[in-house]
Number of protein chains: 2
Amino acid sequence: MLSTLLKPEILELIQSRDWSVLREILADSPPQEVVDLILDLPKADRVFVFRALPRDLAAEAFSHLALEEQDALLRDLTDGETRHLLADLPPDDRTGLLEELPGQATQRLLNLLDPGDLEEARWLLGYPEESVGRLMTPDYVAVRPEWTVDQALSHIRRFGHDRETINRIFIVDEGSRLLDDVELRWLIFEEPEARVEDVMDHSFASVAAFEDRELAVSLVRKYDQTVLPVLDSGGVLLGIVTVDDLLDVQEAEVTEDFHLVGSVEPLRQSFRDASLGFLYRRRIGWLIGLVFVNVFSAGAIAVYLDTIETVVALTIFLPLLIGSGGNAGAQASTLMVRALATGDVDATDWFRLLGRELAVAAAIGVTMSAAVAAVGAIRAPEVLLVVSLTMFIVVLLGSLIGMSMPFLLTRIGADPAVASAPLITSIADVTGVVVYFTIANWYLGLG
Amino acid sequence: MLSTLLKPEILELIQSRDWSVLREILADSPPQEVVDLILDLPKADRVFVFRALPRDLAAEAFSHLALEEQDALLRDLTDGETRHLLADLPPDDRTGLLEELPGQATQRLLNLLDPGDLEEARWLLGYPEESVGRLMTPDYVAVRPEWTVDQALSHIRRFGHDRETINRIFIVDEGSRLLDDVELRWLIFEEPEARVEDVMDHSFASVAAFEDRELAVSLVRKYDQTVLPVLDSGGVLLGIVTVDDLLDVQEAEVTEDFHLVGSVEPLRQSFRDASLGFLYRRRIGWLIGLVFVNVFSAGAIAVYLDTIETVVALTIFLPLLIGSGGNAGAQASTLMVRALATGDVDATDWFRLLGRELAVAAAIGVTMSAAVAAVGAIRAPEVLLVVSLTMFIVVLLGSLIGMSMPFLLTRIGADPAVASAPLITSIADVTGVVVYFTIANWYLGLG
């Protein structure tokens, strides 16, 4: 898309410490190419390019870096340089930075903020983590209903320059309560002497600052808007959230769900840059937890050792049978976790979906039963019936467990994605062992 | 957010067939409330409300319905009503509809389009499925660089009314080649007599019509834009894609990945509305496929039946050991599938990440080995060493398989998400059985 022809030239200038030429070239380059260039540079060289950039461009490029990269760069900049950079950052990016940097770095930055920005940052930081308040920026433009369109447009021309977006203009009363919002274009299309209240339709979507940020994502999707006003409990307009930030939220939430369904504690940072110790800690907890689930299968087998000693051929089908129950369960739980996350089904739908799952699982169970009978007929005809019957039952039970667990977790206030494939598989293993040997004992007249 | 006080009133009017009052109430209601109302109504009643709506509102409400609901509603509308509705739909929504409805319904709709819309629909449909071309709308506003800002704004006022968005204005040459794009606000802030070319920075992000739609999502995210211009190979501006459609694309792609990692064939439709037969077919293929993977574990166990007969206590730990290898593998593959999907790592990173995975997996393996030794010390001290050593090796192998499989799939042009937890678990089962009994034979001096 954008050329990165600049790179070798820039690296040469850094090598030769030729700051004035570097400054000149950068000032004349299209902003997006400069941002791309910085993302591409070795980390150690970035600070030189940053120093040579015009201030607004430096702030923009900074916003595009990952947190770890921002942290590294801030360590390289002097206090004076950092102060300038912070002042130029949009408030929402500044909040994000203060929120996520290590404690000591945050303290240094707060000390470098000018008094107004400091107050704003502290205010924004007062909202709970993952709330809409943490995402919002006060960078909007508001007008009054009694103004003429001409007055409103003058106001927008005067104050709209440095705002995050003016695609949507907010109409507020004297107490800053939101009355309506309107797309900028409708003001442009209106006669200059018309009143703002004439373009109002008194219908707008908004979100409360203390709500979960996922609600903002779903509202933006529902109403196809690129900006959403954020209100306090009294209807006062506090700020706006923009779709570009919400796209990032959506990706972060999806990544959390992905990690959970793979039974990894959500990383909430780049996988690429994660340290060995961090990855170990995010994985080991669930694995050890699952060992304790599987201890029950070990216990169950220990109970049936006599049965196994009598018909040792039963062991042949053990992994196949318990694995199939787990696989069917993993399918059912994945379908449900995703349907709950997208709002396709909700927590009250369990009973209504149960009948459908039973029917599908029964059909799958019959098919799987036939498949394993075909395999078993050659290998071990003496246990054929036990194996087919077990297959049917474990597929049915695995599916029911997999399908129900996400609802159960939602009910107790946990994330449904905790019903990970490995967790369902492990529970299905225990169930499978018990079912298999119980049927075997009964059929073979043992126990 | 929005009140649905209207609903009982509307239902009563439908009951009493009081169309004129219904028409009046609906025309006076805020559009978003009407849309919410229709989404809430029983399907059979929707057609009555639709008939009573002003045309533009009917089209907007229609766009918010799910495909199945649109299909049902179209069956209830007369040809004349359908023709009006189609004419009022934005072109991109019309393409989506034509693309996804059953063949016969599409043919009926194409016959009802007016000649201009028909040509447009056919043209839009010429782009490959899931390409940017299928998402784009020609509803943009373009201006010329030599115009004054005042001329440009007049043009926008004249032609911008019914366009999807005019937040971003496109600047093209006499051959419709895109020269630049600019936010509407920068034109408003400029002096009326300035030239459009004075606000140009000759730097813009764009996407080719034949590219995968996922590229458009990543570009919009990268450049924080709400609209992206779509070009042909000659740089001619064909249309635009908007962030609201891209949010839907992102969700659809994520759902596909989710289903794949749960080893379900992607549904590509609502789970809630899916039929029993459809769900069966989406699940059974993978399950049968996994049975054939697990036949190898059955085969491996059959080979070692003598070993099991000699030390039947080995069976106790079988599900625990092969399950743990599978769980570690599922973690590794999930992390990798998601990191590849977000672009956090790319297909060439395999070798670089291999060393890290080995180190993390080794540490996890040692911990798991200690955990299972603690369990085994009580249950079966005679096989303690075999069990601990096996645990270490299966965790290591499972992690390597899980981590590598997504890369391998990418290499052969498949979706990395095919490396589902159940697939990795089943492969780890086979590996685990072989490792366990090989070590047991060696340690116990058998075989």
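Residues are numbered from 1 along each chain as its sequence is written, and chains are lettered from A in the order in which they are written. Because the model is predicted, local features need pLDDT of at least 70 and side-chain atom pairs count only at pLDDT 80 or more, while totals for chains, interfaces and linings use all residues.

**Stop 1: chain A as a whole.** Select chain A and you will find 21 helices and six strands (DSSP runs numbered from the N terminus: helices are H or I of at least four residues, strands are E of at least two). Its radius of gyration is 30 Å, well over the 22 Å that the globule rule gives for 447 residues, so chain A is more spread out than a compact globule. That radius is taken over C-alpha atoms, and the rule is 2.2 Å times the number of residues to the power 0.38. Along the principal axes, the C-alpha atoms fill a box of roughly 90 × 60 × 40 Å.

**Stop 2: helix 11 of chain A.** Next, pick residues 149-159 and show Val149(A), Ala152(A), Leu153(A) and Ile156(A), the buried residues of this helix (buried: 20 or more other C-beta atoms within 10 Å of the residue's own, with C-beta atoms placed from the backbone). Look down the helix axis: these buried residues fall within an arc of 95°, so they line one face of helix 11. The arc is that of the directions from the helix axis to the C-beta atoms.

Stop 3: Move to strand 5 (residues 227-231) of chain B, which pairs with strand 6 of chain B in the antiparallel sense over five bridges (pairing takes at least two DSSP bridges). Leu231(B) has Leu237(B) as its bridge partner. Between the strands lie five residues, and Gly235(B) takes a positive phi near 85°. How many of the six residues of strand 6 (residues 237-242) of chain B are buried? Six of the six are, so this strand is largely enclosed by the rest of the structure.

**Stop 4: where the chains meet.** Finally, show both chains together: the contact takes 96 residues from chain A and 96 residues from chain B (contact: C-beta atoms, placed from the backbone, within 7 Å). Helix 18 (residues 318-342) of chain A gives the most to chain A's side, with 16 residues.

Notes
A residue is buried if 20 or more other C-beta atoms lie within 10 Å of its own, exposed if 12 or fewer, and partly exposed in between; C-beta atoms are placed from the backbone. Two residues are in contact if their C-beta atoms, placed from the backbone, lie within 7 Å.
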